[in-house]
Amino acid sequence: MQGTVEGFSYGVVTPVAAFLMACLGGALGLRCTSRSLREHGRIRPGCLVLGATAIGSGIWTTHFIAMTGFTVEETPIGYDPVTTFASLAVAIVMVGIGIFVVGHRGATAMALVTGGTLTGLGIATMHYLGMAGMRLSGRLQYDTPTVALSVVIAVVAATAALWAAVSVRGFLPSLGAGLGMGAAVTGMHYTGMSAVSVHLHDDGSLTGGGDTAITLLAPMLVGPVAFLLLAGYVVMVDPMLVTGDGGRRRPALAVPRRTGDR
């Protein structure tokens, strides 16, 4: 028996909120990646760690905000906390590897392809691991071509966003790169969700176990959202992270000597 799937139970609220979180995390992470290319020593790893955590947190929060709108009419849905939070770690680690490649190798074609592929795969892995944490009276089935398309979307858009992060300067181009990353995450999510169908168990032997989406929502959002807001504050008070060159010191203006000064 096929379940009746609804992906937008709260209308446009969840997709819009999910997109905004993806853009916030992406913009912060990409600006940190760009900053790392102009830094040396201990500052560079710090920028990359902050960037990986920002993007990973944005991806994870985006996914589960969007999932609050996902329902199956015939059965309640729960989430296994261990698998759910493991997906956050996977997102941060895989995205971190991708941006570390770009941050240390620069804007070479090989670095961008490698970093973009790893970052895109991190987005996709986080999504499908998060889906594996769902508990309901049935099993999820996926349309393979649509799943493959969702992965391609994530990889291509992530690669383009990384290229923009390391190749352009200024606030508006950086904002565009963040929007590109937001599109990568949300586009991948909803494409992947379009591949899902639910086959219900006829005997009703399983019930939705684990925590519900609403139960998980508050503790899930507190940490990542607080981190993203803090990271956003750090970026806003650092001119170089905002503009790409605001932190460079301008040469001091020469002060003319007064007559008689030696």
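The model is a predicted one, in which local features need pLDDT of at least 70 and side-chain atom pairs count only at pLDDT 80 or more, while totals for chains, interfaces and linings use all residues. Residues are numbered from 1 along each chain as its sequence is written, and side-chain values use heavy atoms, with hydrogens and water left out.

The protein contains eight helices and six strands, taken as DSSP runs numbered from the N terminus (helices H or I, at least four residues; strands E, at least two). From the N terminus on, the order of elements is β-α-α-β-β-α-α-β-β-α-α-β-α-α. Of the 262 residues, 46% are buried (under 20% relative accessible area, with exposed over 50% and partly exposed in between; 1.4 Å probe, protein chains only).

Helix H2 (residues 43-67) packs against helix H3 (residues 81-105) at an angle of about 140°, their axes lying 8 Å apart. Axes are lines fitted to C-alpha atoms, for helices over the stretch in contact, and angles run from 0 to 180 degrees between N-to-C directions. H2 itself is mostly covered, with 19 of its 25 residues buried.

A closer look at one residue comes next. His189 belongs to helix H6 (residues 171-194), and its 3% relative accessibility is why His189 counts as buried. The side chain of His189 also makes a polar contact with the side chain of His127, at 3.3 Å (a pair of N or O atoms within 3.5 Å; within protein, one must be able to donate a hydrogen and the other to accept it, and residues adjacent in sequence count only if both atoms are side-chain atoms).
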